[in-house]
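Subject: Structure handover

Hello,

Please find below the structure we spoke of handing over. My notes on what was found in it follow.

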Amino acid sequence: MTHKKKINLVATSLLASLILAGCGGNSNSPSNNMTQSDSTPQNSSSIENTVSSTPSTSSLHILPMMSDEDGNSSDAKATYTLTAQKGVDVTIETPNGSWVTPMWRYNNSPLPLVIRANRGDEMTLNFNNQLTSDSTIHWHGFKIPAKEDGGPDFPVKPNESKAYSFKLDQPASPLWFHPHPDMQTGKQVYMGLAGVFLIEDNISKELEQTKQLPSGDRDVVLLVQDRRFAKEKDGVRELQYMTHDMDSDGMLGDVVLVNGSQFPNLEVSTTQYRFRLYNVSNAKNYDFAFDDGREFTVVATDGGLIKNPIKLDHIKMGAAQRVEIIVDFREDSVGDSLKLISRPFEDDDMGMGNMGGMSQDDDMEGRTINGTAVDIMEFKVTKAITDDITIYKTITDKAEISKRLNPALADNAGDEREFVMTMNMGRGTMSFVINGKEFDANRIDEFIDANSTEIWRLTNDSPMAHPFHAHAIQYQIIDRDGVPASGVDLGWKDTFLVQPNETVRIIGRFEPINQGDYMYHCHILEHEDAGMMGYFRVGNTGNIQMP
Ligand code: C2O
Ligand code: CU
Ligand code: CU
């Protein structure tokens with residue numbers, strides 16, 4: 001299949017005018033277009049203004065954990081079955097009442113599922129496609145052979161099945177899975193197909209056992225996704241996908257769901273909690289913070305635990321990125337509450353494509369803007385207990401997760417691999433490309449030696465931020481615009497939010513297991529589906545037959 005899909009932009013589209021402004025086709029400067037309206041405060045110091053007074057009315061759903069079908073969770077073998085199906089009725093709870101939305105889910109589960117497995121486990125994942133279109137399950141963030149990776153080159157047809165099998169051989173990390181069929185990824189994820197996959201290892205288990213990380217019911221997955229719903233008809237509100245001209249720039253909704261509910265609450269005790277925070281939105285970026293401005297401690301990024309936990313008072317997350325944070329309620333009293341919010345973006349923050357400063361208008365038809373302040377969820381302190389957790393200070397240098405790859409020793413040092421992300425404008429059309437090319441299912445774009453360490457230079461030459469994602473392995477950031485990585489950028493990652501006009505250099509080591517063809521792409525799924533994606537081949541052979 002070729003990717004000749006072009007994006008229709010109406011002349012009045014807000015993004016179109018911004019893009020044109022950025023391209024000199026419009027005399028208004030981007031900053032004029034970004035002028036802040038009174039109703040959407042931008043100054044991050046006025047955090048009170050970012051939260052609404054709507055009370056939280058529903059309890060946070062805890063995502064269901066699947067159990068190993070072989071009945072033995074300690075035999076280093078694990079089997080799970082995931083059946084994708086349409087028409088699963090899901091009750092969406094919001095502070096303004098609830099409704100039913102038919103969604104696409106795995107195993108008929110109203111909620112996204114969680115798989116938790118151990119490093120070293122031999123996994124068998126049986127996938128049944130009961131959709132009416134091709135699908136796959138892509139294992140996002142996994143270091144596994146290309147043919148098990150669930151890319152679009154191994155589609156599973158409707159009513160067909162595939163067994164994915166691979167060994168988990170990478171550090172404890174908050175990974176996930178989702179469909180990755182050609183040009184349908186955005187739609188299938190949006191309709192509700194995505195799940196959480198937690199890998200545990202000896203280090204993560206020891207940190208839990210020695211009370212250096214909260215565990216059990218103080219270890220909670222928070223899956224954040226925005227959605228847009230049609231008007232109610234007989235108690236049902238359908239999901240809307242690509243119903244607005246601007247949706248092809250990145251599908252944004254006006255309802256932010258956490259584990260399936262809008263602005264839910266979690267009852268907590270006066271202790272420390274570990275939240276595994278997943279941004280699995282199609283396109284939305286967040287700037288997470290707490291409404292009282294308190295600090296939290298980041299202990300993991302996409303690819304695993306951070307050697308030295310980092311204290312922050314806010315964190316930006318692009319689509320597909322994950323972090324694990326420790327939130328401390330020890331100083332709180334029973335009756336207190338705390339909100340997790342997403343702060344409004346600053347003027348030049350995240351680029352004009354995020355339209356941080358624009359106000360909503362009627363044209364938006366329920367789209368929110370990236371960068372609008374939003375309440376994410378609430379914590380209600382209901383119980384006083386004595387805390388027994390002392391967060392670890394460092395992970396031993398000997399651990400794989402602690403290693404820093406040395407750019408000077410990269411096999412392509414001095415001749416770094418270049419990935420330039422641009423948005424091309426034609427007459428009334430726009431395309432999203434990497435290195436000037438739209439995705440071609442019959443073309444390998446990059447050839448990488450097996451068993452090599454490479455530096456990649458990710459450059460964003462477009463007016464909006466793009467979360468660049470690459471399959472196959474976990475990577476480290478070397479620098480951003482020449483400034484050496486620090487803070488959470490020191491963690492292993494598979495997805496990198498690259499700001500307009502920014503260059504992020506990353507480094508990764510391809511292992512013998514990585515033989516074959518993998519994807520790199522923007523994880524704004526509408527950009528990916530429109531062709532902002534390519535193949536890289538590790539080693540000499542792969543599945544893609546080039547014409
Ligand atoms: Cu999460 Cu190629 O994807
Ligand atoms: Cu992936
Ligand atoms: Cu993009």
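**Overall picture**

Of the 547 residues in the chain, 61% are buried. Please keep in mind that this is a predicted model. The chain has five helices and 32 strands. Its accessible surface comes to about 20500 Å², and carbon and sulfur atoms account for 46% of that area. Among contacts between residues at least 6 apart in sequence, 79% join residues at least 24 apart.

**Copper sites**

Which residues coordinate the copper ion (ligand 3)? The donors are His-466 through ND1, Cys-522 through SG and His-527 through ND1, at 2.0 to 2.1 Å. Along the sequence these donor residues follow the spacing H-x55-C-x4-H. His-466 belongs to strand S26 (residues 466-470) and Cys-522 to strand S31 (residues 516-522), so that pair links distant parts of the chain, 56 residues apart. Both His-466 and Cys-522 are buried.

The copper ion (ligand 2) is coordinated by NE2 of His-138 and NE2 of His-469, at 1.9 Å. His-138 is buried, as is His-469.

The structure holds 30 aromatic pairs. One of them joins Tyr-286 and Phe-288, which are stacked with 5.0 Å from centre to centre and 10° between the planes. Both members are buried: Tyr-286 has a relative accessible area of 0%, and Phe-288 has 1%.

How are the rings of Phe-419 and Tyr-520 arranged? Their centres are 4.7 Å apart and their planes stand at 70°, so the pair is edge-to-face. The cut-off behind that label is an angle over 60 degrees. Phe-419 comes from strand S22 (residues 417-425) and Tyr-520 from strand S31, and the pair links distant parts of the chain, 101 residues apart. Phe-419 and Tyr-520 are both buried. They also belong to one aromatic cluster, together with Trp-456, Phe-468, Tyr-475, Phe-496, Phe-510, Tyr-518 and Phe-536.

The charged end of Lys-284 sits over the ring of Tyr-286, 5.5 Å from its centre. Arg-227 lies over the face of Tyr-190, at 4.5 Å from the ring centre.

**Salt bridges**

Side chains of opposite charge can pair when their charged atoms come close. A search of the whole structure finds 36 salt bridges. Three of these are described below.

- Glu-200 and Arg-116: the closest N and O atoms are 3.1 Å apart. Glu-200 is in strand S9 (residues 195-200) and Arg-116 in strand S4 (residues 114-118), which places the two 84 residues apart in distant parts of the chain. Glu-200 is buried, with a relative accessible area of 3%, whereas Arg-116 is partly exposed at 29%.
- Arg-119 and Asp-169: the closest N and O atoms are 3.0 Å apart. Arg-119 lies in the loop between S4 and strand S5 (122-129), and Asp-169 in the loop between strand S7 (161-167) and strand S8 (173-178), so the bridge ties together parts that are 50 residues apart in sequence. Arg-119 is partly exposed, with a relative accessible area of 29%, and Asp-169 is also partly exposed, at 36% relative accessibility.
- Arg-417 and Glu-446: the side chains meet at 2.9 Å, N to O. The pair links distant parts of the chain, with Arg-417 in strand S22 and Glu-446 in strand S24 (residues 446-448), 29 residues apart. Arg-417 has a relative accessible area of 16% and is buried; Glu-446 counts as buried at 10% relative accessibility. Both calls rest on the cut-off of under 20%.

Which residues are linked in a network of salt bridges? Arg-116, Glu-200, Glu-208, Asp-219, Arg-274, Arg-276 and Glu-324 are. The Glu-200 and Arg-116 bridge from the list above has both of its residues in this network.

Regards

Definitions and conventions. Residues numbered from 1 in each chain as written. Chains lettered and ligands numbered in written order. Predicted model: local features only at pLDDT ≥ 70, side-chain atom pairs only at ≥ 80, totals over all residues. Heavy atoms only, no water. Donors = N, O, S within 2.8 Å, 3.2 Å for Na, K, Ca; no water. Helix = DSSP H or I, 4+ residues; strand = E, 2+ residues; numbered from the N terminus. Buried < 20%, exposed > 50% of the residue type's maximum accessible area, 1.4 Å probe, protein only. Phe/Tyr/Trp six-rings, centres within 6.5 Å; stacked < 30°, edge-to-face > 60°. Lys NZ or Arg CZ within 6 Å of the ring centre and 35° of its normal. Contact = heavy atoms within 4.5 Å. Areas by Shrake-Rupley, 256 points an atom, 1.4 Å probe, with all protein chains shown as cover. Salt bridge = Lys/Arg side-chain N within 4 Å of Asp/Glu carboxyl O.
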